[in-house]
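Subject: Structure handover

Hello,

Here is the structure we spoke about, followed by notes on what was found in it.

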Amino acid sequence: MTKFTTLLGASAALALVAGAALAEPAIIFDLGGKFDKSFNESANAGATRWAEETGETFAEFELTAEAQREQAIRRFAEQGKSPIIMVGFMSATPLNEIAPDYPDTKFVIVDAVVDQPNVRSVVFNEHEGSYLVGMLAAMASQTGTVGFVGGMDIPLIRKFGCGYAQGVMAANPDATVIANFTGTTPAAWNDPAKGSELTLAQIGQGADVVYAAAGGTGVGVLQTAADENILSIGVDSNQNYLHPGQVLTSMVKHVDNAVYEAMKAGEAVETGTQVMGVANEGVGYALDDNNASLITPEMKAAVDEAAAKIASGEIEVHDYSADESCPAIQF
Amino acid sequence: MERMPRWADVLLVPLISLILAAAISAIVILAIGENPWNALKIMVTGALGSSYAWGYTLYYATNFIFTGLAVALANHARLFNIGGDGQATVGGLGVALIALYLPWPHWTLALLAAIVASAAFGAAWAAIPAYLQAKRGSHIVITTIMFNYIAYALLTYLLTGPMKPSGTMETATAPFPEGTHIPSFRDLFSHGETILFRGTPANVTFFVAVLACVLVWMLIWKTRLGYEIRAFGFSEGAARYAGIGSTKIIVVTMLLSGALAGLMAINNTLGEAERLILNAVEGAGFIGIAVALMGRSHPLGVFLAAVLFGFLYQGGAELSLSTSIPREMVVVIQALVIMFTGALDNMVRMPVERLFANRRARGTPVAPLAGPTAERAPDRAAPPSTPTTAE
Amino acid sequence: MALDAASPSAAPPAIELRGISKAFGPVQANRNISIRVMPGTIHGIIGENGAGKSTLMSILYGFYHADSGEILIDGRPTRIPDSQAAIRAGIGMVFQHFKLVENFTVLENIVLGAEDSGLLRPSLARARRELRQLAKEYELDVDPDATIEEIGVGMQQRVEILKALYRKADILILDEPTGVLTPAEADHLFRILGNLKAQGKTIVLITHKLREIMAITDNVSVMRRGEMVATVRTADTNPQQLAELMVGRKVLLRVDKAPATPGAPVLEVENLRVVDAKKVERLKGVSFTVRAGEILGIAGVAGNGQSELLEVLGGMMRATGSVRLKGRPLDLSGREDARDRREVGIGHVPEDRQSEGLVLDYTAWENMALGYHHRDAFANGPFIDRPAIMKNTIDKMQRFDVRPPDPMLLAKSFSGGNQQKIVVAREIESGPDLLLVGQPTRGVDIGAIEFIHKQIVALRDQGKAILLVSVELDEILSLSDRIAVMFDGRIMGERIASETNAGELGLLMAGVTGEAA
């Protein structure tokens, strides 16, 4: 065993030397896996885009257990990977402990802030993007009732819902927002059947636009909305193409861009906190051929104006995670 | 009826099952264009080849020992506790409460308190299903599985609200204070320049798990209570005849089972994360069912099976880290092992039994186990290898 | 002693076994067995449990393979590697435990495994025709469209016989066929067997009941410890001789006991009533007294409340009314359980030793503590005192002649008689003032019956009270000092054992009262 450890140490050292010449980036996907139809998949898209454009390679690992967070970070660091990108806020605490052990390695964390000199923290103002799609929902609604289907009931998703409700109220103060969460376990991210059920229930209560912020569960929401002839709103990536003419818009959160840029910068990646909001096009609403017919010029004008005001600070969208309360809706 | 020697029952059959599972895994790995031999080497060295590897394998094994013992103990009373996941989840809540809200001068005291708290919370979570089974006949399988969901929901509520420090997105409690940090294997076994178990999560909870194995063994086979639990499990009629109250046995067994499941939380909460996170249990309660099944509900068997599953978890992680075998394939391999050692146990057991029966019958072939051999009433004439009926 | 059965005709034997031997490991289950069964006869095979009867028949039916020897069917050497081959050779078997699919109809069960083709309908139609034919020929009436779970055990047995006949069996083997039947059903079965014999079928009847052998067989073979000790014509023998052949020594078929000398009342039961979970009243006001030094036998057809009576007294069922043990009232409300009953001095040999009296998966030593495991003698604080129980078990096994005297053996590995000896030893040796005994010799071989009866009488002679429940009228008559007859949850009458007879009791058991008897 001793012999083996030495061998392992030697190879690690070798890798370090090699890494100095040409460090390979690495990415650690969260428990949902890289095909989660949500932020992991978006991150994967960014990494793949970088690899295709540059012809370089990157290392990757999909977590299957909580204890693997530290294991994967350390393993990639010892192999000399840099930058090491991890997606998901649950890696914040382990990274905060491990980052000082590898001062020469650069880390990037998406969706959380880790205050270490060699870490870049990328956070998104999901509430701002959700505000914009909320406005569109209110304006497109005939009934004055719109729905929100969240995935697992965690603060991050409430942040989506809260911004959405504020946008709805801004466009139509008399509107009603119905909010439901799919579940209380990670299974809630991948339960299209439950998403479909909740959508039907919300339609029953009068909703005619439903916003899904629920990872893979959203597929069921969008499908049911299309089947029932109401409008839906996609999330994270542009999902307008899933049901052309029936998805009102998508709240895009450019995790892919964040990953792509970090990989492009390589070891020179800038550390510190990077806030991706409406102002720097980190979040926004999607407009393409698929939904052009649904967004009237008036709607577009109103949303674009709001976006400009958010960017300039004239409108301040309340962030649920700041004080864990929401002025527009009760969860 | 002992149809084959005990060593064949506890070692040979699981071994053959494992080899079959490995063989099919190899075919699967070949099919996706990887080298199965290489994969096996990565798994073995990655899970058993260094103190680092063992540090992970034994960490996972510790979880599975507790949940495996929980299922095994309940099995002896013929109760199927599927609620290990929920009981461990709530056990974690107990650990978090004492760790966060009470001051601890030394880790030993914190560990003792965590043992008491996690066991008490786990037992409490099993108490209601136990009561419903004993008094109302509500099936324990249904109630415990329902209580899993209640536990998840309860913890989600607490970790997105009351117990979550404000200003963080993580669904977790604040980190536990210094005084509750129990030593890891690295702290325990590294000496001087040699650092062992570097960066691994294995910790003193492993020894609590080993102790639990010994105590459960004593409970089941050495105590009056264990005698009553087993009697009840084998024959409810005989238990009633002997004045062994079903209510008492069901409730006490389930409380102990829940307590064992609850103890698991020490490992991942106090030992590894040093805070309570939402997804801490990660289905270990269900793995416990496979572990108990494979371990024949014997604490030693549970220990060995738990280490095997620890090996699969850690070996699987290494496989993902070192090859392009996707993590889904790792899950397939784990599932194959569970399937062969658990669900398809009889597929291996029966041919092996027949083999031994044949050897005993001096090479004469024995017909398939249809008809009277399998179902003969015990007081009838000699079935194979029950030499004593023939007076 | 081996006599040759005289052949009724010149035809070759329907079955001839020559020198069959079969060993399971070190145990010689069958040793050099030869037997000739003549066509068109009923041939009984009798022997104690474990004598090797079932092994021999399993060899004939292809479940086991003989280590040596040969099988001739109708004079032709025949190999029987499996049960399909046995069926082809014209052998049908009716097992003690029926092999029927509960939720299939009679017809479907008969066709099952013998379908003509992949299509079921033509098979069923043909079966229906043949069934009608068979029913007429042999008095084998069954409703072909009833499901198995709807019909009684007697009917189920007929289905098994029909199954064999449908498969063209000429030789029918029946393994302990009357074990599950009422006397009336047994009589009907014997009539059917008589009809089958009249039609030229050959019947092998395996049993340990001497009366059945005497009643319907033509020839009888006796097995003992794996050997065939004799084959005789039934007409030339008698029960006493057969019993001696089975056991290998002289046996007392009648219980040898002195007249009772009853003392003070030990158990006083007054107006006992039980309503079961289905709201059916099982005991409708039962009153009786058992005195020290006497055996009160409760006679009756099974299912008339005797089981409930034992369970109430044994602390396993709640009831209303009054029960006093040596003057002190027992709690019948369910607050006191079986353990409390043992504490006040009630021993209990339950009716069903396999599902109540023993934990079959426990060893003999573990069973020897069942119900007494909390007593100081067997426990050491919270721990089981294994050495003490072990010592106690070895001692009891010796004194009660439990074979093999191995305390480590699982209870299910003992023969019925030895299982019962374990239960009786445990309950008698606990020193009870009152011993409840239910069906003490059900499924127990003759040698063990004699021994168990002696032990019960010995306990009586020590001045203890004994309440005996048995459906075997012979047993009640020979063992009891007084007899109470139960019918439909009531005591129909009490008689002094020496002053009554089976005829009088039989009428009471059927619910006929009055002094006509």
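pLDDT is the predictor's confidence in each residue, from 0 to 100. This is a predicted model, in which local features need pLDDT of at least 70 and side-chain atom pairs count only at 80 or more, while totals for chains, interfaces and linings use all residues. Residues are numbered from 1 along each chain as its sequence is written, and chains are lettered from A and ligands numbered from 1 in the order in which they are written.

Chain B has a mean pLDDT of 87, with 91% of its residues at 70 or more. Confidence in chain B is highest in helix α8 (residues 205-222), at 97, and lowest in helix α16 (residues 372-375), at a mean of 34. Helices here are DSSP runs (H or I, at least four residues), as are strands (E, at least two), numbered from the N terminus. Residues 363-391 of chain B have pLDDT below 50. Where pLDDT is low, the predicted coordinates should not be read in detail.

In chain A, 10 of the 11 residues of helix α3 (residues 68-78) are buried (20 or more other C-beta atoms within 10 Å of a residue's own; exposed means 12 or fewer, partly exposed in between, with C-beta atoms placed from the backbone). Just after α3(A), G80(A) takes a positive phi of about 80°.

Helix α10(A) (residues 297-312) buries V303(A), A306(A), A307(A) and I310(A). The face turned away from the buried side of α10(A) carries the exposed residues P297(A), E298(A), A301(A) and S312(A). Just after α10(A), G313(A) has a positive phi of about 90°.

Regards

Terms used
Two residues are in contact if their C-beta atoms, placed from the backbone, lie within 7 Å.
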